[in-house]
Amino acid sequence: MRSKISKKIVLFLSVLLLLGVCSLSVFMSPAPPEDCYLSYTAEVSPSVVYAGETFEVKVSFPVNQGFLWAQAEVSYDTEQIEYQDHDPSDSAFKGANEDQLLVTNPEAGNLKITVGTMAAIFGAGEQFTQTGTVTVLRFRAAEGFEGTITIGVLVKPANVLDLDKKLADQVGHVIEGGGCTFNIVDRATHKHTEEIIPGKEPTCTEPGMSPGKKCSFCQEMIEEPHELEATGHADWTRFDSTHDGKHTRYCSNENCPGEIVDCQFGEWVENVD
């Protein structure tokens with residue numbers, strides 16, 4: 001009984017994993033290169049954004065070999081989304097006096113995120129060697145808009161001052177920007193685009209899963225997959241001896257995995273062609 005429950009759980013989690021892999025890459029930045037000195041990533045939440053509603057973009061440093069000052073530019077289309085504010089409460093980069101993190105919006109559609117200060121050149125700043133969340137940006141999607149948008153995080157090597165008080169472009173440090181691409185859904189006008197979720201055929205001993213359907217744009221499930229019961233064995237048609245008083249027997253079902261049993265008098269234990 002416990003084994004059957006475990007198999008069902010594994011099968012269910014496999015379907016969830018498949019769905020997650022299909023959509024995860026849309027909402028997060030790609031992994032930075034191996035020789036990266038400092039990198040930014042951006043991740044949108046929730047994964048489905050609706051027109052007229054507020055959403056968040058978490059900007060992080062997954063790679064950081066140490067800096068005194070860094071400034072990145074966040075670009076977006078003001079006709080599609082509007083910047084609201086930012087939440088630094090979970091930031092690892094506020095500094096000891098919580099004044100080392102600054103988000104400014106000098107012109108619409110181009111935010112600047114600054115960590116540290118150029119005064120560090122004169123020994124007046126802090127050193128940043130940690131990784132983690134920089135800040136969380138809040139945006140609002142435009143009313144009546146539906147489409148795919150990108151929020152880019154661009155950082156120039158000339159805008160990063162390393163621990164030796166040298167600009168990254170002067171010493172060849174690899175600085176990697178990021179960004180995220182995602183869909184905004186307008187509930188009033190949205191029409192699903194069906195995508196088939198592959199099923200899994202049951203075997204004699206293992207349950208399967210029926211195909212399902214989801215919307216490839218908004219990720220909503222249109223038709224939930226359901227479990228297919230294991231077929232059970234048909235007539236035994238093949239017997240392979242293990243030469244230790246046991247044999248593996250196979251039924252006529254195409255996907256029969258076989259089962260090892262003790263030999264009994266009168267049973268075939270070898271197949272002779």
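The model is predicted.

**The sheet**

Three strands make up an open sheet, in the order S18-S19-S20. Their pairing is antiparallel. Strands S18 (236–241) and S20 (259–262) are the edge strands, and each of them pairs on one side only. Neighbouring strands of the sheet are turned against each other by 35 degrees on average, direction ignored. What holds such strands together? Strands of a sheet pair through backbone hydrogen bonds.

Look at one pairing in detail. Strand S19 covers residues 246–251 and pairs with S20 over four bridges, in the antiparallel sense. Thr248 stands opposite Ile260, which belongs to S20.

**Salt bridges**

How many salt bridges does a search of the whole structure find? The search finds 10. The table lists some of them.

| Salt bridge | N to O distance |
|---|---|
| Lys112 and Glu73 | 3.9 Å |
| Lys213 and Glu194 | 3.6 Å |
| Asp262 and Lys246 | 2.6 Å |

Start with Asp262 and Lys246, whose side chains meet in a salt bridge. This pair links distant parts of the chain: Asp262 is in strand S20 and Lys246 is in strand S19, 16 residues apart. Is Asp262 exposed, partly exposed or buried? Asp262 has a relative accessible area of 45%, so it is partly exposed. Lys246 has a value of 33%, so Lys246 is partly exposed as well.

Next come Lys213 and Glu194, whose side chains also meet in a salt bridge. Lys213 lies in strand S15 (residues 212–215) and Glu194 in strand S13 (residues 194–197), so the pair ties together parts that are 19 residues apart in sequence. Lys213 counts as partly exposed because its relative accessibility is 25%. Glu194 is exposed, because its relative accessible area is 52% and the cut-off for exposed is over 50%.

Then there is the salt bridge between Lys112 and Glu73. Lys112 is in strand S7 and Glu73 is in strand S4 (residues 67–75). The two are 39 residues apart, and the pair links distant parts of the chain.

Salt bridges can also join up. Glu56, Asp85, Asp87 and Arg138 are linked in a network of them.

**A nonpolar patch**

Which residues form a nonpolar patch on the surface? They are Met118, Ile121 and Phe122. Together they have about 320 Å² of accessible area. Met118 is found in the loop between strand S7 (110–116) and strand S8 (132–141). Its relative accessibility is 34%, so Met118 counts as partly exposed.

Notes. Residues are numbered from 1 along each chain as its sequence is written. This is a predicted model: local features need pLDDT of at least 70, side-chain atom pairs count only at pLDDT 80 or more; totals for chains, interfaces and linings use all residues. Side-chain values use heavy atoms; hydrogens and water are left out. Patches are made of residues with over 30% relative accessible area and no salt bridge: like charges are joined within 9 Å, nonpolar side chains (Val, Leu, Ile, Met, Phe, Trp, Tyr) within 5 Å. Accessible areas come from the Shrake-Rupley method with a 1.4 Å probe; for residues, only the protein chains shown count as cover. A salt bridge is a side-chain nitrogen of Lys or Arg within 4 Å of a carboxyl oxygen of Asp or Glu. Buried means under 20% relative accessible area, exposed over 50%, partly exposed in between (1.4 Å probe, protein chains only). Two strands pair if DSSP finds at least two bridges between them. Axes are lines fitted to C-alpha atoms, for helices over the stretch in contact, and angles run from 0 to 180 degrees between N-to-C directions.
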